[in-house]
Amino acid sequence: CQLPAGCMFCTHQRDIDSFDYVWSLVSFRLLKSFELCAPGQVESKKNQGQHPAEAVIQRISEKLISIKASSTERMQWLNEALIRIDEGRYHPAWVGMLDSILIRKERNL
């Protein structure tokens, strides 16, 4: 295991039954969406087909749908995680990268 994105597709990967894990997934999905929208990616996508981040985003979304459908408590975890993301409160595992991307975006405006 070298990259978290690779774990999304690993047959040995198991989801963790916790709010922290759901918050991490939602934060990681946002990070990958920023990667997908990075300058130069639109042109690259036209020439090369699907960007690798798209597959990761799709896989995370599938996991979140499954988590949400599995119980009321897990649905509440997802709702809370989405609220935190809307508020700009990212999971500690991803906050550094997300903040640096957002700072660069603000400087380029």
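Author: Buried here means under 20% relative accessible area, exposed means over 50%, and partly exposed lies in between, with a 1.4 Å probe and protein chains only. The model is predicted, so local features need pLDDT of at least 70 and side-chain atom pairs count only at pLDDT 80 or more, while totals for chains, interfaces and linings use all residues. Residues are numbered from 1 along each chain as its sequence is written, and side-chain values use heavy atoms, with hydrogens and water left out.

Reader: What makes α2 a helix, and how does its reach compare with the span expected?

Author: Helices are DSSP runs of H or I with at least four residues, strands are runs of E with at least two, and both are numbered from the N terminus. α2 has 18 residues and reaches 26 Å from its first C-alpha to its last, close to the 26 Å expected at 1.5 Å a residue, where the expected span is 1.5 Å times one less than the number of residues.

Reader: Which residues have the most contacts inside the largest nonpolar core?

Author: They are Val22, Leu25, Val26, Ile60, Leu64 and Leu98, in a core of 22 residues. A nonpolar core is a set of buried Ala, Val, Leu, Ile, Met, Phe, Trp, Tyr and Cys residues joined through side-chain atoms within 4.5 Å. Helices α2, α4, α5 and α6 each supply at least two residues of this core, and α2 gives the most, with nine. Val26 touches Leu64, Leu78, Ala81, Leu82 and Ile85, leaving aside residues up to four places away in sequence, where contact means heavy atoms within 4.5 Å.

Reader: Why is the pair of Phe19 and Trp23 called stacked?

Author: Rings of Phe, Tyr and Trp (its six-membered ring) pair if their centres lie within 6.5 Å, and planes under 30 degrees apart count as stacked, over 60 as edge-to-face and the rest as tilted. The ring centres of Phe19 and Trp23 are 5.9 Å apart and their planes stand at 20 degrees, so the pair is stacked. The two residues are four apart in helix α2, separated by about one helical turn, and Trp23 is buried at a relative accessible area of 12%.

The rings of Phe28 and Trp94 are likewise stacked, because their centres are 4.5 Å apart and their planes are at 25 degrees. Phe28 lies in helix α2 and Trp94 in the loop between α5 and α6, so this pair ties together parts that are 66 residues apart in sequence. Phe28 counts as buried at 4% relative accessibility, as does Trp94 at 10%.

Reader: How do you know that Arg74 and Asp17 meet in a salt bridge?

Author: A salt bridge is a side-chain nitrogen of Lys or Arg within 4 Å of a carboxyl oxygen of Asp or Glu, and for Arg74 and Asp17 the N to O distance is 2.7 Å. Arg74 lies in helix α5 and Asp17 in the loop between α1 and α2, so the pair ties together parts that are 57 residues apart in sequence. Arg74 is partly exposed, with a relative accessible area of 24%.

Reader: Which residues are linked in a network of salt bridges?

Author: The network links Glu80, Arg84, Glu87 and Arg89. The closest N and O atoms are 3.0 Å apart for Arg84 and Glu80, and 3.1 Å apart for Arg89 and Glu87.
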